[in-house]
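Student: I would like to learn how to read the strands and sheets of a model like this one. Could we go through it together?

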Amino acid sequence: MSNHLSGGKVNIALLQDHLRKQILYLIDKCNGPKAIVWDEALAGPVGLICKYKILLDHDVSRMYPLKFGKLPVTNVNNIIFISRPQIHLMDMIADIVHEEERSGIRKYCYLFFIPRRSQLCEKRLKTKGVYGNFNLIEDLPCDIFPFDSDVLSMEVETTFKDFHLEKDPTSLYQAAQAIFTLQELYGVIPKVTGKGDAARHVWKLLERLDLEPRTYPSTSQIDHLILLDRTVDLLTPLATQLTYEGLIDELFEIKNTTAHFPSENFDTEDEKDIMSDKKQVILNSADELFAEIRDKNFLAVGAVLSKRANMIKSELEERSGMGSVEQMKVLVAKLPHILAIKKSLGIHTPIAELIKQVTDSSEFLDSLQLEQELMLGVDTDRVQSHIEDCIAHEQPLIKVLRLICMQSATNSGLKPKVLDYYKREILHTYGFEHILTLTNLEDAGLLKVQQGSRGYTVLRKTLRLTVEDGSEVAPVDINYVHSIYAPLSVRLVQHIVRHGGWGNLTDVLSLLPGPILDVKQSSRYCSQNRRRASVGSQTSSINDSPKVVLVFFLGGCTYAEISALRFLSQQEDSNVEFVVATTKLINGNNFIKSLIDPIES
């Protein structure tokens, strides 16, 4: 088990261990040396639960990415394909199987679907004439992956688009299965609250799936489940994240807890870094320094790094003045920790310098100023000159769309003339093929015509979404993650936790899309044992400190939202510990990108 996953009241390492056992159980069904052909989108998430060294112990001698063409020549006769249930991936698998057939060397093929197979995929394999070539086809139900002691992600990029645009609820079924997996490990969650169509859909699936026989622990470690549809808060993912981890994701993109940076900025003798132009850095709470600065506003990071560097320097200088054996023993005991922090400083100081180069630029500051003006409701009705300049200078389309969608969100829709102007300028500058993207954004509610009501203005005042006099360095409210803006999603969670439900928010909730959900699971359980489990968990949540709330974002969650939830749990008057689950960890760029239809050349 990974130590950094077991740092919370809910031991997430149990989930890691559970998923690892499932993977190894299927791999061990294939006797002898084997090669794994990975769907590349799965290699990273699966790597979080089953490292390559573990696979080596189970006779996995080769690993290849799934793509068209013949595999490299190898003397391994067992080939395991691990793939998502997607049609284009079945075509790649079929191509490899046919290539192996043509080689004349008998190979034994196995296919494992994560999280489960689909009839369309099986039909495609039959159409391609390879279905009978597999000795074994199995489901590998890894519905959600552990990223940290308080973060879980399904890593499904298309949930928001699939459900709200394509009307495909497949990944919401996966979310429901993920919740059941968590309940099988940590006990039945007695209270469920939610908002939005996706939240209601997941709840209906949970009710249906509960008809299947399942075994749960006698007590529950999670007291409350909050389901939030991303459509309830479309503004937050569009806003630039200003926490340390959020800015790393904005500028360098974090994938499966790993980010890559220009290697020339790091002083290292690591051979891999010398040979490569990228420095790979793992970002999780196993790194003590990163755990300390990840959730801070970037303006506060420099002081922490400087303080830590001075402490390390003074502790190392103390060596020269040590005379007694006892003093030397104390230093020797502290040395591994000192060296670990020193190594971590050698990583995070250059990263902070790289971020500062961007955040000090006029381009970044001009965009941030516009964002903050929009959030405060300043001139949201008119065409923004900064957006015009971005289009005129042909800055990345995603950046332009992100700003326009922010204006639409903060103005509760754009005036028809303003929206038509933006669309016309985009099509003329970036190409008429982007009409499909603009249509998707409109269908998703990110771009819309103002209907008269000013919902955002009411929400901003009622929920105190903007705080102009807050401190980023010594924050007292969650607005620090975006400097002046408190994420609407986290404000809703804050209210639910404080009042035990939606309480007196009925009028405000009517301004947000989708139905509300507020139920107790214990009422649905006929078994006396299950009812005892629910009642017991409710009792423990009152007596124990703190209680645990699982917040599940359906459609994506940002690192800034996670930081805001951690901030709430760390307050002196807080009696809550949050675990965050999401369909995907997102930022404004990849959120917009997921709605852009690829243009075939």
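Predicted model: local features only at pLDDT ≥ 70, side-chain atom pairs only at ≥ 80, totals over all residues.

Student: Which strand is joined to β8 by five bridges?

Tutor: In general, strands of a sheet pair through backbone hydrogen bonds, either parallel or antiparallel. Here, strand β8 (residues 191-195) is joined by five bridges to strand β9 (residues 224-229), and the two run parallel. Within this pair, T193 stands opposite I226 of β9.

Student: What is the order of the strands in the open sheet?

Tutor: Seven strands make up this open sheet, in the order β6-β7-β14-β13-β9-β8-β12, and their pairing is mixed. At the edges stand β6 (145-148) and β12 (516-520); each has a single partner strand, so one side of each has no neighbour in the sheet. On average, neighbouring strands are turned by 20° against each other, direction ignored.

Student: Which strands does helix α7 touch as it packs on the sheet?

Tutor: Helix α7 (residues 170-186) touches β7 (151-153), β9 and β13 (547-554), and its direction makes about 165° with that of β13. Helix α20 (residues 488-499) also packs on the sheet, touching β8, β9, β13 and β14 (576-582), with its direction at about 150° to that of β9.

Student: And why is strand β10 largely enclosed by the rest of the structure?

Tutor: Buried means under 20% relative accessible area. Four of the five residues of β10 (residues 258-262) are buried, so the strand is largely enclosed. Five bridges join β10 to strand β11 (residues 278-282), and these two run antiparallel. P262 has K278 in β11 as its bridge partner.

Terms used:
Residues numbered from 1 in each chain as written. Heavy atoms only, no water. Buried < 20%, exposed > 50% of the residue type's maximum accessible area, 1.4 Å probe, protein only. Pairing = 2+ DSSP bridges. Axes fitted to C-alpha atoms, helices over the stretch in contact; angles between N-to-C directions. Contact = heavy atoms within 4.5 Å.
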